Amino acid sequence: MESSAPLMTPTESSGVAVKMIAVLCVSRNSVYKQIKGVDSYDEDRDARTFPGGIPAVAHPPCRCYSAFCRHQAKPKDRESEMALGVWCVDQVRKWGGVIEQPAHSKLWETCGLPQPKDRNAAECAWSMELPQFWFGDVREKNTWLFFSRIPRADVPKLPFRLKPEGGDRRAWQLMSSKNQREKTPMQFAQWLVECARRCEVTS
């Protein structure tokens with residue numbers, strides 16, 4: 001049975017109502033806070049206080065699930081940080097939306113998520129790999145996404161781009177701060193929000 005209608009909010013530009021979505025585990029200066037109709041949970045607002053009821057885009061901490069550096073990761077509370085990743089997956093499975101992690105994240109194995117190459121995945125529970133370079137990142141930054149309650153045919157058009165010569169090394173050197181390296185490109189954030197708005201929430 002469908003839940004009550006999701007919260008709606010008008011945009012300033014057109015006055016057209018849009019579906020509210022939540023974005024979990026973002027930074028204090030996240031670009032998501034510039035997008036209308038988005039309820040952001042940053043470091044000062046525990047994502048686990050998210051009450052559900054609307055779709056979510058989740059960026060759970062990735063260092064403990066990294067395919068390349070998880071053994072070197074030293075968070076203050078490793079167990080809690082990893083549990084947060086599983087919790088985010090549970091919320092997206094329940095309410096719909098998208099999980100975002102670096103490519104080959106072990107969160108997929110931990111939660112039994114379909115791999116991007118799994119062509120037998122359910123129509124409304126599937127994964128894809130894409131480079132954030134398509135959305136304006138100066139690096140290729142291959143990324144895995146898990147979609148819940150969003151059919152493949154409903155995903156917005158991807159801004160496919162060819163990678164210029166030069167590679168990622170120079171780009172990494174130019175990005176001096178940790179914040180620059182972790183920042184989500186605005187175009188990518190907007191695309192993920194639109195994906196989440198296209199899912200159906202059920203109780």
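(Strands are DSSP runs of E with at least two residues, helices are runs of H or I with at least four, and both are numbered from the N terminus.) You are looking at a predicted model, where local features need pLDDT of at least 70, side-chain atom pairs count only at pLDDT 80 or more, and totals for chains, interfaces and linings use all residues. Residues are numbered from 1 along each chain as its sequence is written, and side-chain values use heavy atoms, leaving out hydrogens and water.

Is Gln-101 buried or exposed? Gln-101 is buried, with a relative accessible area of 0%. (Contact means heavy atoms within 4.5 Å.)

Next, select all of E6, residues 97–102. Six bridges join E6 to strand E8, residues 142–148, and the two run antiparallel. Find Ile-99: its bridge partner in E8 is Phe-146.

Zoom out to the sheet. It is open, with six strands in the order E4-E3-E5-E6-E8-E7 and mixed pairing. (Two strands pair if DSSP finds at least two bridges between them.) Strand E4 (38–41) and strand E7 (125–131) stand at the edges with a single partner strand each, so one side of each is left without a neighbour in the sheet.

Now the helices. Helix H1, residues 78–95, lies across E3, E5, E6 and E8, at about 150° to E6. Helix H5, residues 186–197, lies across E3, E4, E5, E6, E7 and E8, at about 20° to E8. (Axes are lines fitted to C-alpha atoms, for helices over the stretch in contact; angles run from 0 to 180 degrees between N-to-C directions.) Among the buried residues of H5 are Phe-188, Trp-191 and Leu-192.

Finish in the largest nonpolar core, which has 28 residues. (Such a core is a set of buried Ala, Val, Leu, Ile, Met, Phe, Trp, Tyr and Cys residues joined through side-chain atoms within 4.5 Å.) Select Tyr-32, Leu-130, Leu-145, Phe-147, Trp-191 and Leu-192, which touch the most other members. Which element gives the most to this core? H5 does, with seven residues.

Conventions:
Buried means under 20% relative accessible area, exposed over 50%, partly exposed in between (1.4 Å probe, protein chains only).
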